[in-house]
Amino acid sequence: MRRLCSWASAFVALALAVPAAAADTSTAMTEPRPVAAATGRAAFDPAPAREALARLLPRHASQFTFVPVSRPASGDHFTVSGAAGALRVAGTSPAVLLSGVNWYLKYTAKVDIGWPGDSTARLPRILPAPSGTVRKDASVPHRFALNDTDEGYSGAYRDWAAYERQIDLLALHGANEVFVQMGADAVYHRTFQEFGYSPDDLRSWIPGPAHQPWWLMQNMSGFGAPVSERLLDDRAALGRRIADRLRRLGMTPVLPGYFGTVPPGFTARNPTGPVVPQGRWVGFDRPDWLDPRSPAYPQVAASFYRHQRDLIGDSTMYKMDLLHEGGRPGDVPLGDAAKAVMDALQTARPGAVWTLLGWQNNPPAQIVDAVDKSRLLIVDGLSDRYDGLDRETTWHGAPYAFGTIPNFGGHTTLGANTAVWAARFDQWRSKPDSALKGIAYLPEGTGTNPVAYELFTELAWRTGPLDQRAWFAAYAERRYGGADPHAAAAWELLRSGPYSTPSGTWSEPQDSLFTARPRLTATKAASWGPGGMRYEPGTVRRALTELLRVAPGLRTTDAYRFDLVDVARQVLANHSRTLLPQIKAAYDAKDLPRFRQLAAEWKGHLALLDELLATDRRFLLGPWLEDATAWGATEQERATAEFDARSVLTTWGDRSGSDSGGLHDYANREWSGLVSDFYAMRWTRYLDSLDTALATGRAPVAVDWFAVENAWNQERAAYPVDPSGDPVALATAVHEALPEPPPTAPVTGAGGAAAELPAWRRSRDRAALSPTGAGTAPSRSSSRAVCTGCPTGR
């Protein structure tokens, strides 16, 4: 981490003496003056920040004045000062100016702009003044955002307005490095036409947009193909627009680098380019890997970076991982391969940083040690998942970012290891010889768990441990734009339950059994998810009770409506884990009346769930499908895009990947339309078959679930894109329908150790740690349920 200058260090020491809950306590200090060049120009143009603020706060943007200042050696910082209705924010980039606005909104105005949900409707006409000058310095230089899978699970068919909103929210919450893969398909399409491939060859090799992240990670190809040239051109134009907006805000677009992926038959067309076959990945044939030592590799890399510059522009950071999730090096020494990959990158983009994902055993020491470590940044996806990790030892001092993957597949489920973040980030950052240089927000799907996003990103603007309890108390007030004892009680319950899950086994909460492929013994929907509750379910049920008692004046906020639906949804989802074993017990006992009663209750909960979800647009299937079809110019293109968008949620891939590979329901989510027409359809068919079996004494009829599911993927039915119904009334119906659940036992890992509830922190599951105690991620031969080739990966 960059060393603070002496006066800034004194400020930090003073700030540490203040309780974390008093985050807006001001300090009497002189504001930095804008540093002008010899010509008198400002450090940068603040116009992009003003434009973003006008989108975020259209009624109040005029009350802010932005002052650009040059970034000192100590790193990014902002200050907030001024009088009521005349706020002054100074900062070291347009995005940092927006981060200053966000700090003011949270800790002076006490409102929230979340991802999703906001309470800005509660702002007064004249904004209040901060009590003096507030200054915050970034504690780390790298503030990285977005998983390789984000485009697939957050929506590959979003339009510019959606990406613009995403960028605004990333800047507002302090991100300065953002992964951008939009348009990479067009880069590959142009590159390999120079190496013997026709446009049609390549359009059949490139997957549909929803599946492209795994193609770019060299896991698969072709699914959902062919893509049209018009689609490639449109995606390239959007990718350029996204990258340019990030640049204007002073943020770095992190672009895909070239590490050797080639289409089939490369050596036949290019004899100087031997390849290493990569085998299969969860039922898919992986693309071949061009030997980076070969004469052909630097030629392909140069072409790739040239076309990328033409289509998307340049960057200073490039993301790529060699042999992701089970790739085969063959006879290629990894160190030699890494040197060649880095040489090609530095030739094309001198000084660029190679960004890698810390995942499973990646990156191995052979890669880290083969290149200049000052040109590496490892974004660690496991920082909060396992105990005993020592990243300085594992990665031999290479710089890394403390990262989290609190969401897999875009699941709609509450929870995260936030207590681990609050303590561990500062411990790792401040220990002697720390190589921690950043944070990395890496959910596979964004737009869920707004409290987790806000807490995690705030770590980069704090020094010292964060008081998690006090932070949640302050969040409860600003989330709905006013203090309320019931809101405070609700968020304390959520904090102590789903948002205090422990490290040692998982970084995500359990998913819903309503979304599981039907079976009486189901314990999860996604194959690699937790097999049971990771927290006491009563905390969420009691939180719903409290939310329903929040004062009427605070219920008008967008944030309240979203949270109410989300918490009520989670109450129903958690109850599925109580109800399904009861259904199984009735079936095993051949108690037909009891079975029918419980099966009717299960079906009724699915119907109620769909009604509840229909009250909020963010829980609708319709917009997801409408976005996909909007990219098609012909009926065939629209059908292809819709199949791509549907299948990634359901079967994920073809029969082999879905069934043998275990990919079905990986991206499960509780959305209105998906619940009624897909999940309820499956469970109704299954429960009815069991009913018939009990009534006739015959074995249940086997169901070809992939055939059923894939038939739904190919449908073209339209779904509502606008919400309907009353969220308060339906959340109340959920509350009245379900009793408070009894305490449950903790889920256990494969090693038999309990993954404990927050109150039971007496031991930790260390089954995932290496035998040497070095704290590395589990190997692929580990007995733990770790995916050796899942779509994340996991």
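The exercises below walk through selected features of a predicted model, each with a worked solution.

Residues are numbered from 1 along each chain as its sequence is written, and side-chain values use heavy atoms, with hydrogens and water left out. Because the model is predicted, local features need pLDDT of at least 70 and side-chain atom pairs count only at pLDDT 80 or more, while totals for chains, interfaces and linings use all residues.

**Exercise 1.** Determine which residues of helix 26 are buried, and what covers them.

*Solution.* Begin with the terms: helices (H or I, at least four residues) and strands (E, at least two) are DSSP runs, numbered from the N terminus, and buried means under 20% relative accessible area, exposed over 50% and partly exposed in between, with a 1.4 Å probe and protein chains only. Next, locate helix 26 at residues 705-713, where seven of the nine residues are buried, so the helix is largely enclosed by the rest of the structure. The buried residues are Trp705, Phe706, Val708, Glu709, Asn710, Trp712 and Asn713. Finally, what covers them includes helix 23 (635-647), helix 24 (655-660) and helix 25 (674-696).

**Exercise 2.** Describe the surroundings of glycine 657.

*Solution.* Glycine 657 is found in helix 24, and its relative accessible area of 0% makes it buried. If contact is taken as heavy atoms within 4.5 Å, and residues up to four places away in sequence are not counted, glycine 657 touches Val282, Gly283, Gly662 and Leu663. One of these, glycine 283, is 374 residues apart from glycine 657 in sequence, yet the two are 4.2 Å apart in space, C-alpha to C-alpha.

**Exercise 3.** Work out in which sense strand 3 pairs with strand 1 and with strand 2.

*Solution.* Two strands pair if DSSP finds at least two bridges between them. Strand 1 (residues 64-68) and strand 3 (residues 86-91) pair in the parallel sense over five bridges, with proline 68 having glycine 91 as its bridge partner. Strand 2 (residues 77-83), by contrast, pairs with strand 3 in the antiparallel sense over six bridges, and here threonine 79 stands opposite alanine 90. In the hairpin of strand 2 and strand 3, glycine 85 takes a positive phi near 80 degrees.
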